[in-house]
Amino acid sequence: MWKNWVGDQACTPANLVQPASVEAVQESVREAARQGRGIRVVGAGHSFGDNVLTSGDLLSLDRLSGLLGVDREAGTVRVAAGTRLRDLNRLLDGHGMALANLGDIDSQSVAGAISTATHGTGRSLGNLATFVEDVELVTADGEVLQASTAGPDVLSAARVSVGALGVVTAYTLRVVPAFALHGVQEPASLEETLGRLDEHVNGNDHFEFFTFPHSSTVLAKRTNRVTDPVPENDGPAPGRLRSYLEGELLENTALDLVCRLGRARPGLIPRLNRLATDLVTPTSRTGVSHEVLVSKRSVRFTETEWALPREACVEALTEMRRLVTARGLDVNFPFEVRFVAGDRDSLLSPAYDRESCYIAAHMYSGMPWQEFFTAVQTVALSYGGRPHWGKRHSLSAAQLAELYPRWDDFQRVRRELDPAGLFANDHVRRIFGA
């Protein structure tokens, strides 16, 4: 049995296949087609929905890993699709290179993160798929295809494909010279943060904040490039101890204890929200980019996330917070709010053709999430929100078609590359149609 990271999605595939070469991927695809079995691809299992569940073949990319080539003159690298982001960051370090931006965690496979349009924060920075110069994938006929030379719209479709076009085996990614960042986390007033939101977003390379539904304080994070790095984990405490206290004890252990108590005693959740906020103290850190952008997240939860027009952020977030109180929902995890540049490179980018604000809502593992996530989805849709492809949502193909200007172009490419639906499962059939 396969389970995802949270442990709330599981399936028993007919076969778990772990090819170690592109040729082995080709043979696995051809064999699944010969036997009339569907095939889904899995990376690190960090998607929160039923994206990869199958009774057919489940193909793991774990053995397709590593840096396959470096072109310093072009500023690109070629990387195997199963490479974990944390490993790619270290490999790029060794070449004096980096990705221009990253999300909050680095446990995902490169293919899983890119194919679902995973993102970080920064108004001038796009999601990870915007770094893609080319995609190598094995299509339903078992042939290897380079997306950049495969015809109109294929590369634009392959960047964010949710695994519906074929098995991605490698990417060519645009990278930048390695750089250092200085990040500051500190409590702030929710009213002040929302009142000066444009100033915060426009005035920092990266800005995001977390807000518990029953607290008027936020945890704000401002991160900016520096040319003369100060010592890592700068501050009065020794670096290693300070890192443990900030990253593990407060952000994970204390949060987990607060959430466990809230799950057992829901009536305490409003007070626990405020307690969790009160535990936050100002911290700062300077280091190479990926060490500052990425955080360790060991608390288990499930999540829905929506990309909204940036100008809708304040009203939408206010409405989402209000509905928690109005409906008496037991929510003991914060909303997370981030900002992303518009994206015309990927047909299914949630930030397609507009600068976007992402609002993520979470529910602690083991707690009922359906009513809360449905309410958040309703609010998001009222502002033209589009769902993160790796997070929970209940939209159908007909609903999604209304949200994406080039939906029909993606569907045309999907029909061309997988006419019989070899890479479809219930999830793919729901979001793209039969």
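**Group meeting talk: a walk through a predicted model**

Residues are numbered from 1 along each chain as its sequence is written, and side-chain values use heavy atoms, with hydrogens and water left out. When I say helix or strand, I mean a DSSP run, H or I of at least four residues for helices and E of at least two for strands, numbered from the N terminus.

Back to Val-218. Is Val-218 buried or exposed? Its relative accessibility is 2%, so it counts as buried; the cut-offs are under 20% relative accessible area for buried, over 50% for exposed and partly exposed in between, with a 1.4 Å probe and protein chains only. Leaving aside residues up to four places away in sequence, Val-218 touches a list of residues including Pro-187, Leu-190, Phe-209 and Phe-210. Touching here is a contact, heavy atoms within 4.5 Å. Glu-208 is ten residues from Val-218 in sequence, and their C-alpha atoms are 10.0 Å apart.

Now, the sheet that E15 belongs to. Which order do its strands take? It's an open sheet of eight, E16-E13-E15-E14-E18-E19-E17-E20, with antiparallel pairing. Two strands pair if DSSP finds at least two bridges between them. At the edges you'll find E16 (283-288) and E20 (386-387), each pairing on one side only. Look at E17 (residues 301-309) and E19 (residues 356-364): they're antiparallel, with nine bridges. Glu-305, for example, has Ala-360 in E19 as its bridge partner. In a regular strand, side chains alternate between the two faces of the sheet.

Lying across E14 (206-211), E17, E18 (335-340) and E19 is helix H10, residues 313-327. H10 runs at about 165° to E18; axes are lines fitted to C-alpha atoms, for helices over the stretch in contact, and angles between N-to-C directions run from 0 to 180 degrees.

An unreviewed UniProt entry lists residues 9-178 as "domain: FAD-binding PCMH-type". That span is 21% helix and 26% strand, and its end C-alpha atoms are 37 Å apart.

Strand E11, residues 167-174, is mostly covered, with six of its eight residues buried. E7 (residues 76-80) runs antiparallel to E11, joined by five bridges, and Ala-80 has Ala-170 as its partner there. Six bridges join E9 to E11, again antiparallel, and Leu-137 is partnered with Val-168 in E11.

Most residues other than glycine have a negative phi. Ala-117, though, has a positive phi of about 60°. Where is Ala-117? It's in the loop between helix H3 (110-115) and strand E9 (132-138), and it is buried, at 0% relative accessible area. Asp-153 has a positive phi too, about 70°, in the loop between strand E10 (144-146) and helix H4 (154-159).

Finally, zoom out. The whole protein has 14 helices and 20 strands. Its radius of gyration is 21 Å, close to the 22 Å that the globule rule gives for 434 residues, so it is as compact as a globular protein of that length. That radius is taken over C-alpha atoms, and the rule is 2.2 Å times the number of residues to the power 0.38. Of the 434 residues, 58% count as buried.

How values were computed
This is a predicted model: local features need pLDDT of at least 70, side-chain atom pairs count only at pLDDT 80 or more; totals for chains, interfaces and linings use all residues. UniProt positions are given in the numbering used here, feature names are shortened, and annotations may be inferred rather than shown by experiment.
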